[in-house]
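Thanks for coming, everyone. Let me put the model on the screen and walk you through some of its local features.

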Amino acid sequence: MKRQTIPMRKNLAYAGLLALLLTAAQSCKIENDIPYPTVVSDIEAFEVEGQCASPDNGNTAATINTANRTVSLYVDDTVDLTQLRVTRFNVSNDATIRPDTAACADPALFPSHGFDAPDNLADTRVDFSQPVNFVLHTYQDYVWTVSVTQIIERTIDIAGQTRAVVDPETRTAIVYVAAGQDRSNLQVNRMDLGGASGTVTPDPTTVHDFTSPRTFQVTLGWEDTPCEWTVFVYNDEEGSTPAAGDLFPMTTRAFLNGNIESGKTPVVEYCEAQAAQWTQVPAENISVNGTQYTAQLTGLSGSTTYRYRVTVDGVTGAEHSFTTAPATPLPNGSFDDWSSEPANNGTLWYPWAAGDESFWDTGNKGATTIGDSNTIPTTDTGTGSGQAAMLQSKWAVLKLASGNIFAGSYVKTDGTNGILSFGRPFEGFPTTLRLQYKYVTSPITRIAEDALSYLRDRPDSCHIYVALANRSQPYEIRTRPSERQLFNKNDPDIIAYGEFICGQNVPTYQTLDIPLEYRYNNRTPNLLVIVATASKYGDYFVGGDATTLWLDELELVYE
């Protein structure tokens, strides 16, 4: 066979072509030049076994802070903190859950996705003796920290007891009984050194002689091995004059907390500073728990000075005084005052008179970037005079704009999303937000997120809520999905909260009272939050096109 040869010129041509193809191939190689979308994942619900309310807050739900990506909760004394089972773990955007492998009992069996209840094959035990990190993975990683605090209420109640100091670190308890009390023959009513679920040996109610320190074997609710505690009892030589206690004044009521000898009941009296007649606190307004009591003084007036005194067994203590907080009114709650200016796509309405300082604001600045204002004044009022606020949910070309009004300010527009500031400076303790409203609902047809598709065709709902908080700055609200930050009614800074949700037509004005439920009776608010929206899920751009809420005559009630 004759060998075929290729001339040198053709060799060079082929070499050049090959180089060109290699260069083209190199330039066309697949690279991830398009950035991944930003998909934020938040913890939406987190529950564990034995979960309970915090000592000073009746809410058992976990406190979820999306800004700091933290979860805080409390558990009772029935569970082992080092082997605590997670019973519910809900996350947004179907993120993958990556637990701390060092804290998990079996990382391989911990669910990789959110759950309302773990299946039988899962092992959700985690050591929460220290804060635990969980990574929520979408296209990015988001690190969340979960902190669990265990509450072990170690209660001691001995007849004649005046006070007690319990130290779990040194496993000692120091108890004081009344001066002259015979320490060789004491009656122990209760001594829960291991909490309500623990055991104490010997049975403290059978021990009477405490002239010298006594030792007890204490076992916690989840333990098998006891530890030794030492109890010291002394006579209280501070005298029998009733102590004044700590009084916290609100606007129309005040709370007095003090210590008292076990088995005794205080008599609490109060009157205005210049009055001669004393008012006695009814027995039903006084609660005694061992050696501590709480008395609620009611029927007070704002910005008024009062005197009070405490009597025990006919012995009256010294008089003390306090001044109540003011009954601060709500600015422009009638919504009679409005102003306006031309906008790119209509009229921009403001819920305050021209030249006045604003208290209320709306999402109108965002709505008018692609349409007209959807929160506007109306002469259709609850009183037949003046003006009211009409909040309309509308389809605004790109997404649903929910009619809304709030105490705070509209900060700026971020694309088609808004950044808001919720809350105005405020000091006072109202009991109720009262208002007049009417409402027209419509089927939910606008849904911007698949996760809320289950709401389709359901009646839209209005949402009105009020909160008193104590914090260094107002709440920043962001509606952009990738950085969404909404108001959390379980925020630990909230002192009192109330809300109203309605998904039915209310064709004529009705008077509505929204009671404020106080979570603390010893904290003063500095921020008032009031928010009303025609569409409850308007923050997610979900609602009905024809939903409308009318609001008029908002006022804070002090009772």
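G386 sits in the loop between β29 and β30 (388-392). A word on the labels: helices (H or I, at least four residues) and strands (E, at least two) are DSSP runs, numbered from the N terminus. Residues are numbered from 1 along each chain as its sequence is written, and side-chain values use heavy atoms, with hydrogens and water left out. This is a predicted model, where local features need pLDDT of at least 70 and side-chain atom pairs count only at pLDDT 80 or more, while totals for chains, interfaces and linings use all residues.

Back to G386. Its relative accessible area is 41%, so G386 is partly exposed. The cut-offs: buried means under 20% relative accessible area, exposed over 50%, partly exposed in between, with a 1.4 Å probe and protein chains only. Which residues does G386 touch, not counting residues up to four places away in sequence? They are D336, T378, T379 and T381. Contact here means heavy atoms within 4.5 Å. Look also at D337: its C-alpha atom is 8.8 Å from that of G386, and the two are 49 residues apart along the chain.

Together with D356 and E357 they form a negative patch. Patches are made of residues with over 30% relative accessible area and no salt bridge; like charges are joined within 9 Å, and nonpolar side chains (Val, Leu, Ile, Met, Phe, Trp, Tyr) within 5 Å. The areas come from the Shrake-Rupley method with a 1.4 Å probe; for residues, only the protein chains shown count as cover. Lys and Arg count as positive and Asp and Glu as negative; His and the chain ends are not counted. The place of a charge is taken as NZ of Lys, CZ of Arg, CG of Asp or CD of Glu.

E357 is in the loop between β27 (346-350) and β28 (360-361). E357 has 78% relative accessibility, so it counts as exposed.

Now compare another loop residue, N374. You will find N374 between α2 (364-367) and β29 (375-378). Is N374 buried or exposed? Buried, because its relative accessible area is 2%. Leaving aside residues up to four places away in sequence, the contacts of N374 include N364, A367, M390, L391 and Q392. K394, A401, S402 and G403 are also among them.

One more loop: L398 lies between β31 (394-395) and β32 (400-401). With 54% relative accessibility, L398 counts as exposed.

On to charge pairs. Side chains of opposite charge can pair when their charged atoms come close. How many salt bridges does the structure hold? There are 17. The criterion is a side-chain nitrogen of Lys or Arg within 4 Å of a carboxyl oxygen of Asp or Glu.

Start with D313 and K264, whose side chains meet in a salt bridge at 2.7 Å, N to O. D313 is in the loop between β23 (305-312) and β24 (315-316), and K264 in the loop between β18 (254-259) and β19 (267-272), so this pair ties together parts 49 residues apart in sequence. D313 counts as exposed because its relative accessibility is 58%. K264, at 24%, counts as partly exposed.

Next, E319 and R307. Their closest N and O atoms are 3.0 Å apart in a salt bridge. E319 lies in the loop between β24 and β25 (320-323) and R307 in strand β23, so the pair ties together parts twelve residues apart in sequence. E319 is partly exposed, at 42% relative accessibility.

Then R434 and D513, a salt bridge with the closest N and O atoms 2.7 Å apart. This pair links distant parts of the chain: R434 in strand β36 (residues 432-440) and D513 in strand β40 (residues 506-515), 79 residues apart. Both are partly exposed, R434 at 25% and D513 at 38%. Finally, a network of salt bridges links E47, R88 and D116.

Last topic: backbone geometry. T201 and P202 are joined by a cis peptide bond, with omega about 0°. P202 is in the loop between β14 (199-201) and β15 (214-219). R69 has a positive phi of about 55°, although it is not a glycine. R69 lies in the loop between β3 (63-65) and β4 (70-75).
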